[in-house]
Amino acid sequence: MNILLIEDNESLAMLIRMMLEDEGYDITYCCRGDSALETFEKGKFDIIITDVKLPGVNGHEILNRVLSDDPDALVIVITAYGNISDAVKSIKAGAFDYIAKPFENEDLLHTVNKAARYKELKQENTSLKNYVRDSLKPQIIGNSRKMQEVLNLVGKVANTEAPVLLLGESGTGKELIAREIHFRSMRNNNPFVSINCAAIPENLFESELFGHKKGAFTGADRDKKGKISQANRGTIFLDEIGELPMDSLQAKLLRFLQEKEIEPVGSSSVEKVDVRVIAATNRNLAEMVRKNTFREDLYYRLNVFPLEIPPLRERKDDLQSLCEFFLKKYGFKNAVLDKEILKKLAAYSWPGNVRELDNIIYRMTILSKNGQLDPSVIPGSENYDIRSCLNLDLPDDYFDLVNFEKNIILRALEKFDGNKTQVAKYLCIPRHVLLYRLEKYGIKD
């Protein structure tokens with residue numbers, strides 16, 4: 001540990017230097033305040049020991065300059081016994097401790113060792129916080145063109161205060177992108193709070209989001225901070241925002257976005273908060289606005305920076321990297337993804353997106369034998385060539401995929417007399433994905 005010793009009494013300085021070097025410290029010595037500041041600016045010192053009365057620049061000026069340049073530096077002030085007021089002044093200015101002349105050798109060593117231990121603990125704490133922060137940092141796998149476009153936009157919006165609206169199907173990784181925006185922002189040392197708007201009962205939602213005061217309702221036996229307050233100076237992620245009830249909740253959320261203030265349930269006063277909002281939905285909010293099921297003013301407040309997350313079927317270049325990531329996650333980092341497995345994975349449409357791929361890889365690892373993955377668990381693996389299934393010859397000029405998908409759904413609805421559960425099963429997609437498609441294409445019941 002490096003120590004800068006500043007003392008104009010050479011005999012005392014020699015004694016201190018010898019004593020500290022015997023303890024294993026590296027000592028740099030200066031006898032003047034002005035030369036000590038020049039030395040400090042050129043080097044890196046963990047602890048500074050300085051007398052108050054010095055030629056050139058006094059100890060108080062050194063203390064102020066050192067802490068201005070390096071707030072983590074620890075300064076120990078040496079002062080005469082009759083000038084304790086100097087010591088008090090130094091402590092108030094930010095000195096770590098002081099030693100009064102004359103002092104015992106043990107007192108000096110104790111003070112320096114205490115400062116060194118404090119420095120070590122602070123460095124360990126910083127390293128631990130960085131480790132925890134890095135371990136929580138989202139791992140986004142995506143070298144495909146579409147994902148690189150998304151990440152490029154994430155980089156542009158992250159350091160702004162703009163609300164972000166993440167759009168995309170269920171399972172595409174919207175929360176992962178939200179966390180990436182938070183970690184790239186200036187708020188990354190503060191909380192990231194996630195709330196699933198679809199998972200909270202409507203009668204509890206207001207309390208969960210805004211908090212409540214004791215006695216506000218039956219069972220409210222104490223004050224409770226809401227999710228927004230918990231995210232103060234950080235980011236709140238409102239997942240499935242399209243499920244937010246149309247009543248006063250949307251109005252209250254709008255007020256929070258406009259005024260940066262909230263009013264807990266049962267409170268007569270408002271609380272100022274500093275929270276960035278990222279929302280996500282797999283629903284068509286613009287269509288909901290037209291149907292009067294989502295407030296138009298709230299929609300425009302949230303839709304400042306919309307970001308579309310591509311489904312897995314549109315970024316199949318990432319399939320192998322994603323599979324390798326999930327295999328490593330489940331302890332199969334040396335498993336072989338042969339051509340047959342990759343071909344079957346690429347042929348599947350992945351209606352459940354990355355979340356479904358995670359589940360399939362997990363299932364493959366469970367059923368593996370001697371480290372060999374079982375491709376039979378891949379959905380549709382027995383009939384993965386969709387062109388042979390539909391006897392489809394692609395035209396030479398262009399192919400309207402959106403219109404094709406819409407007509408496939410319409411034909412399936414006719415086949416099963418409008419039974420959505422059977423249609424979803426027939427098309428190998430979850431029911432909520434089918435409902436999303438029906439809303440997207442304006443297909444009425």
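User: Which strands does helix H1 lie across?

Analyst: This is a predicted model. Helix H1 covers residues 10-22 and lies across E1, E2, E3, E4 and E5. H1 runs at about 170° to E2.

User: What is the order of the strands in that sheet?

Analyst: Start with the general idea. Strands of a sheet pair through backbone hydrogen bonds, either parallel or antiparallel. Here, 5 strands form an open sheet in the order E2-E1-E3-E4-E5, and the pairing is parallel.

User: Which strands stand at the edges, and why is one side of each left without a neighbour?

Analyst: Strand E2 (26-30) and strand E5 (97-101) are the edge strands. Each has a single partner strand, so one side of each has no neighbour in the sheet.

User: How many bridges pair E1 with E3?

Analyst: Strand E1 (residues 2-6) and strand E3 (residues 47-51) pair over 4 bridges, in the parallel sense.

User: Which strands pair with E13, and over how many bridges?

Analyst: Look at E6 and E10. Strand E6 (residues 164-167) is joined to E13 (residues 276-281) by 4 bridges, and the two run parallel. In that pair, Leu166 stands opposite Ala280. Strand E10 (residues 235-239) also pairs with E13 in the parallel sense, over 4 bridges. There, Leu238 has Ala279 as its bridge partner.

User: Are the residues of E13 buried or exposed?

Analyst: First, the general idea. In a regular strand the side chains alternate between the two faces of the sheet. Now check each face of E13. Arg276, Ile278 and Ala280 lie on one side, and Val277, Ala279 and Thr281 on the other. All of these are buried, and both faces are covered. By count, that is 6 of the 6 residues in E13.

User: Where is Pro163, and which residues does it touch?

Analyst: Pro163 sits in the loop between helix H6 (145-157) and E6. Leaving out residues up to four places away in sequence, Pro163 touches Val277, Arg301, Leu302, Val304 and Phe305. Sequence and space can also be set side by side. Pro163 and Glu259 are 96 residues apart in sequence and 14 Å apart in space, C-alpha to C-alpha.

User: Is His182 buried or exposed?

Analyst: Compare its relative accessibility with the cut-off: buried means under 20%. His182 has 2%, so it counts as buried. This residue belongs to helix H7 (residues 174-184). Beyond its neighbours within four places in sequence, His182 is in contact with residues including Arg187, Asn190, Phe192 and Thr235.

User: What lines the second largest pocket?

Analyst: The pocket holds about 600 Å³ of space. It is lined by 23 residues, and the closest to its centre are Gly171, Thr172, Gly173, Leu176 and Val354. H7, helix H13 (319-329) and helix H15 (353-366) each give two or more residues to the lining. By class, the lining has 9 nonpolar, 6 polar and 8 charged residues.

User: How many cavities of 30 Å³ or more are there?

Analyst: The whole structure has 1. The largest cavity has a volume of about 30 Å³. Its lining is Glu169, Ser170, Asn282, His432, Val433 and Tyr436. Those divide into 2 nonpolar, 3 polar and 1 charged.

Conventions. Residues are numbered from 1 along each chain as its sequence is written. This is a predicted model: local features need pLDDT of at least 70, side-chain atom pairs count only at pLDDT 80 or more; totals for chains, interfaces and linings use all residues. Side-chain values use heavy atoms; hydrogens and water are left out. Buried means under 20% relative accessible area, exposed over 50%, partly exposed in between (1.4 Å probe, protein chains only). Contact means heavy atoms within 4.5 Å. Two strands pair if DSSP finds at least two bridges between them. On a 1 Å grid over the protein atoms alone, a cavity is a set of points where a 1.4 Å probe fits but cannot get out, and a pocket is an open set with protein on both sides within 12 Å along at least five of seven lines; lining residues have an atom within 4 Å of a point. Grid points are joined across faces, edges and corners, and a volume is the space filled by probe spheres set on the points. Ala, Val, Leu, Ile, Met, Phe, Trp, Tyr, Cys and Pro count as nonpolar, Asp, Glu, Lys and Arg as charged, and the others, Gly among them, as polar. Axes are lines fitted to C-alpha atoms, for helices over the stretch in contact, and angles run from 0 to 180 degrees between N-to-C directions.
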